[in-house]
Amino acid sequence: MKPEREYYASGQIKRERWINRAGKQYKLDGPAVRGWHVNGRLEYEGWYINNQLHRLDGPAFQWWYDNGQPRQEKWCINDQTHRLDGPAEREWGEDGQLVVEDWFINDVQYETEAEFQVAVDLYKANEIAGLF
């Protein structure tokens, strides 16, 4: 597979997408989509398998401001917002200040970190029970 690429009029790369034979965004060993700001800094990257946001070891989608500061990240598995060891969605202001933290397990949002921690314990207990 080769990526599809788009360029700014200046010749600077604008976007890169990895598409499989079925026409779906797909890449196992890295982000399937990436975009760059006009200044050449990375703007976003997304990890996809068959058009579904999916990454096991980090955020499935990330955005950056044109100054390089993180803007937003989203953790997903099989296109569901999901993370067991911290907030699954975070957003920062352009000044670098964290402004949003949201906790999710299998697309279910928890209002507080304490509520989320109880849900994580239950989730893990159910997974362990499923082994027996």
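**Exercise 1. Does R15 count as buried, partly exposed or exposed, and which side chain does R15 meet in a salt bridge?**

*Solution.* Let's start with accessibility.

- Step 1: R15 has a relative accessibility of 28%. Buried means under 20% and exposed means over 50%, so R15 counts as partly exposed. Keep in mind that this is a predicted model.
- Step 2: Now look for a partner of opposite charge. The side chain of R15 meets that of E6 in a salt bridge, at 3.2 Å from N to O.
- Step 3: Finally, find the neighbour across the strands. R15 stands opposite G35 in β3.

**Exercise 2. Follow the strands through G35: which residue of β4 stands opposite G35?**

*Solution.* Take the pairings one at a time.

- Step 1: Strand β2 (residues 13-17) and strand β3 (residues 33-36) run antiparallel and are joined by 3 bridges.
- Step 2: On the way to strand β4 (residues 42-46), there are 4 bridges from β3, and this pair is antiparallel too.
- Step 3: Within that pairing, Y44 in β4 stands opposite G35, while E45 in β4 stands opposite R34.

**Exercise 3. What is the strand order of the open sheet, and which strands stand at the edges?**

*Solution.* Zoom out to the sheet as a whole.

- Step 1: The open sheet has 9 strands with antiparallel pairing, in the order β1-β2-β3-β4-β7-β8-β11-β12-β13.
- Step 2: β1 (4-7) and β13 (108-110) are the edge strands; each has a single partner strand, so one side of each lacks a neighbour in the sheet.
- Step 3: From one strand to the next, the twist averages 15 degrees.
- Step 4: Helix α1 (residues 113-129) lies across β12 (98-105) and β13, and runs at about 30 degrees to β12.

**Exercise 4. How many salt bridges does the structure hold, and which residues are linked with R5 in a network?**

*Solution.* Side chains of opposite charge can pair when their charged atoms come close.

- Step 1: The total is 9 salt bridges.
- Step 2: One of them joins the side chains of R5 and E16, at 2.8 Å from N to O. The pair links distant parts of the chain, with R5 in strand β1 and E16 in strand β2, 11 residues apart.
- Step 3: Compare the two ends. R5 is partly exposed at 44% relative accessibility, whereas E16 is buried at 6%.
- Step 4: Collect the network: R5, E16 and R34 are linked by salt bridges.
- Step 5: For a further example, R90 forms a salt bridge with E73, with the closest N and O atoms 2.9 Å apart. R90 lies in strand β11 (residues 89-92) and E73 in strand β8 (residues 70-74), so this pair ties together parts that are 17 residues apart in sequence.
- Step 6: Here R90 is partly exposed, with a relative accessible area of 24%, and E73 is buried at 8%.

**Exercise 5. Is T81 buried or exposed?**

- Step 1: T81 lies in strand β10 (residues 80-81).
- Step 2: With a relative accessible area of 4%, T81 is buried.
- Step 3: Beyond four places away in sequence, the residues that T81 touches include W75, C76, F104 and I105.

Note on methods:
Residues are numbered from 1 along each chain as its sequence is written. This is a predicted model: local features need pLDDT of at least 70, side-chain atom pairs count only at pLDDT 80 or more; totals for chains, interfaces and linings use all residues. Side-chain values use heavy atoms; hydrogens and water are left out. Helices (H or I, at least four residues) and strands (E, at least two) are DSSP runs, numbered from the N terminus. Buried means under 20% relative accessible area, exposed over 50%, partly exposed in between (1.4 Å probe, protein chains only). Contact means heavy atoms within 4.5 Å. Two strands pair if DSSP finds at least two bridges between them. Axes are lines fitted to C-alpha atoms, for helices over the stretch in contact, and angles run from 0 to 180 degrees between N-to-C directions. A salt bridge is a side-chain nitrogen of Lys or Arg within 4 Å of a carboxyl oxygen of Asp or Glu.
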